Amino acid sequence: MADKEFTLRIITPERVFYEGTVDMVEFNTTEGQIGVLPGHIPLTVIVKPGILHITETDGEKEAALHSGFAEILPEGVTILAEIIEWPNEIDEKRAEAALHRAEERLRSKTPETDIARAETALQRAMARIEVLR
């Protein structure tokens, strides 16, 4: 493996979503967006819904990453994801319906509305729609 590459593993409860050699990976954390290059300092972060950008030698890939944890080491990154989807795995109509439901829950602000849960649902729906564009 060249000095400009490292190993990326993305694992969900159902499958190994991705395993390969990459030049860079970018994703959202609870502390903000992070970009990881080879030799990164060791770090563990909580994943926040958004777009996962994978830069490989021969191109780029994107996926909708919803939640999980990431272990970052100088030689590689392991993401334990609750849910992650390639664009071809996303039903756009379902994603748009989920977006509208989340927006409506946030607008209603009734006492039983769980704002944090509605905001997370909104972020997930937005990630799904954005990765399709």
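Is Arg107 buried or exposed? In this predicted model, select Arg107 to begin: its relative accessibility of 57% exceeds the 50% cut-off, so the residue counts as exposed.

Glu104 is partly exposed, with a relative accessible area of 44%.

Remain on helix α1 and select Glu92, then Arg133. The closest N and O atoms of this salt-bridged pair are 2.8 Å apart. Arg133 lies in the segment after α2 whereas Glu92 lies in helix α1, so the contact ties together parts that are 41 residues apart in sequence. Arg133 is exposed at 63% relative accessible area, while Glu92 is partly exposed at 35%.

Now display Arg94, Arg101, Arg105 and Arg117, which form a positive surface patch. Helix α1 (residues 92–108) supplies the largest share, three residues. Arg117 is found in helix α2 (residues 115–132) and is exposed, at 63% relative accessibility.

Glu19 and Arg9 form a salt bridge of 2.7 Å, N to O. The pair links strand β2 (residues 16–22) with strand β1 (residues 6–11), so parts ten residues apart in sequence are tied together.

Finally, select Ile46, Phe69 and Leu80, a nonpolar surface patch with about 290 Å² of accessible area together. Leu80 is found in strand β8 (residues 76–85) and is partly exposed, at 47%.

Key: Residues numbered from 1 in each chain as written. Predicted model: local features only at pLDDT ≥ 70, side-chain atom pairs only at ≥ 80, totals over all residues. Heavy atoms only, no water. Patch = residues over 30% accessible without salt bridge, like charges linked within 9 Å, V, L, I, M, F, W, Y side chains within 5 Å. Areas by Shrake-Rupley, 256 points an atom, 1.4 Å probe, with all protein chains shown as cover. Salt bridge = Lys/Arg side-chain N within 4 Å of Asp/Glu carboxyl O. Lys, Arg positive; Asp, Glu negative; His and termini not counted. Charge placed at Lys NZ, Arg CZ, Asp CG, Glu CD. Helix = DSSP H or I, 4+ residues; strand = E, 2+ residues; numbered from the N terminus. Buried < 20%, exposed > 50% of the residue type's maximum accessible area, 1.4 Å probe, protein only.
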